[in-house]
Amino acid sequence: MSASAPVRLRGRTREAERLPEPPRRQPVRALGACALLLIGSLLLPLSLATAWARSELTDTDRYVATVAPLAANQAVQDAIVHDVTNGVMTHIRLDGLLKAIPRAERAALLKRFTRGLREFVDKQVRQVVTGRAFPEVWTGVHRAAHQALDGSLTASGDAPVILDLTPVLDRVRHQLAGNGLGIDIAHRIPHMGAEVVLLRSPDVPRARLAYRVVRTAAPLLPSAAAVCLLAGLLLARRRRRALVCAGVGCAATAALLAAALALLRARALDGLPAVVPRPAASAYADTLTGSLRDGVWLSIGAALATAAVAAIGPPTVRAVRRLSPH
């Protein structure tokens, strides 16, 4: 008994030595997988935003194609008609035409005459804005503005970026040339261009910095996001659960981007001057960011669908196999 006990004890000791030790690297592996999945989920909305900004800032043809439908937008047309009509009316003086009218009657007559003339000018301007040739003028104006913006952001200097509406004003001047009222309205409109400041000189350096960041980050972020998500899935021990977490995480971060876009839109519209019509500004903002919002919602739908398939797919397949006849 005493001789065999040490043998059994050594045998048990050797068997214990042969048993595999519990892996110590599992917590590190799980933590690394979670970190990679989290980074990939956070990079997804940044990838969408920078890719959109790069395409709209650097590709003139894409920008022009994006804003082209606004030429037929009712709110935008109304805003242009209102602004151009106001600009024309500020250069028309009717006081000299009423010298033969008694002074006591001039004010009332001038008011009626001005109202009628404004209605006429408004009608002529609207014919220009709703005419067949206006979309070409509209795209030409925005193409020139985008090229000026791109040149200002890629070059040095702090020159402001403007939207030159001279082609629109020239069309209006031609429309008013033969009005038949006996008043040379077209001659009274100055030949200087009508301009809208898009980017002020103090804002140019900051916009140039953001422009350079976007150009650098846009090609890298999508690849980085994909690599992080794929590496996190490969590193995870429970890949189905990791895929569910990745899908939910990507959907959540994309939803945060959608909420941020809505908040920025509201603040941007609230910060506009009172003279800028809100319906026209809303139409422009929605059109310009339409592709980004579509990409965000598409990402949310794809991420949730992936998470749902990963969550219910394997158990459902096993249940169907058990129920199916052999």
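## Helix contacts and salt bridges in a predicted model

In helix 3, Tyr63, Thr66 and Val67 meet Tyr284, Thr287 and Leu288 of helix 12. Contact here means heavy atoms within 4.5 Å. By class, the residues of this contact are four nonpolar, two polar and no charged. Ala, Val, Leu, Ile, Met, Phe, Trp, Tyr, Cys and Pro count as nonpolar; Asp, Glu, Lys and Arg count as charged; the others, Gly among them, count as polar.

This is a predicted model, in which local features need pLDDT of at least 70, side-chain atom pairs count only at pLDDT 80 or more, and totals for chains, interfaces and linings use all residues. Residues are numbered from 1 along each chain as its sequence is written, and side-chain values use heavy atoms, with hydrogens and water left out.

**The whole protein**

The secondary structure comes to 13 helices and two strands. Helices (H or I, at least four residues) and strands (E, at least two) are DSSP runs, numbered from the N terminus. The protein has 326 residues, and 31% of them count as buried. Buried means under 20% relative accessible area, exposed means over 50%, and partly exposed lies in between (1.4 Å probe, protein chains only). Take the contacts between residues at least 6 apart in sequence: 81% of them join residues at least 24 apart.

**Helices that cross**

Back to helix 3 (residues 60–67) and helix 12 (residues 278–288). Their axes come within 9 Å and cross at roughly 130 degrees. Axes are lines fitted to C-alpha atoms, for helices over the stretch in contact, and angles run from 0 to 180 degrees between N-to-C directions. Helix 3 and helix 12 are therefore oblique to each other. Angles under 35 degrees count as roughly parallel, over 145 as roughly antiparallel, 65 to 115 as roughly perpendicular, and the rest as oblique. The crossing of helix 3 and helix 12 is right-handed. A crossing is right-handed if the near helix is turned clockwise from the far one by less than a right angle, and left-handed if anticlockwise.

Helix 12 also has a contact with helix 11 (residues 239–270). The axes of helix 11 and helix 12 come within 11 Å and cross at roughly 145 degrees. This crossing, too, is right-handed. Arg265, Leu269 and Asp270 of helix 11 meet Arg278, Ala281, Ser282 and Asp286 of helix 12. The classes here are two nonpolar, one polar and four charged.

Helix 11 also crosses helix 10. Their axes come within 8 Å, at roughly 155 degrees. Helix 10 and helix 11 are therefore roughly antiparallel. Their crossing is right-handed. Helix 10 brings Leu229, Leu233 and Leu234, while helix 11 brings Arg239, Ala242, Leu243, Ala246 and Cys250. Seven of these residues are nonpolar, none is polar and one is charged.

**A buried leucine**

Leucine 221 is found in helix 10 (residues 221–235). Leucine 221 counts as buried because its relative accessibility is 17%. Which residues does leucine 221 contact, leaving aside its neighbours within four places in sequence? They are Leu43, Leu46, Ser47 and Thr50.

**Salt bridges**

Side chains of opposite charge can pair when their charged atoms come close. A salt bridge is a side-chain nitrogen of Lys or Arg within 4 Å of a carboxyl oxygen of Asp or Glu. The whole structure holds five salt bridges. The table includes some of them.

| Aspartate 61 | Arginine 143 | 2.8 Å |

Aspartate 61 forms a salt bridge with arginine 143. This pair links distant parts of the chain, with aspartate 61 in helix 3 and arginine 143 in helix 6 (residues 134–154), 82 residues apart. Arginine 143 counts as partly exposed, at 32% relative accessibility.

Aspartate 78 lies in helix 4 (residues 74–89) and arginine 126 in helix 5 (residues 103–129), so the pair ties together parts 48 residues apart in sequence. Aspartate 78 is partly exposed at 32%, and arginine 126 is partly exposed at 28%.

Aspartate 122 and arginine 126 both lie in helix 5, four residues apart, about one turn of the helix. Aspartate 122 is partly exposed, at 26% relative accessibility. Salt bridges with shared partners join Asp78, Asp122 and Arg126 into one network.
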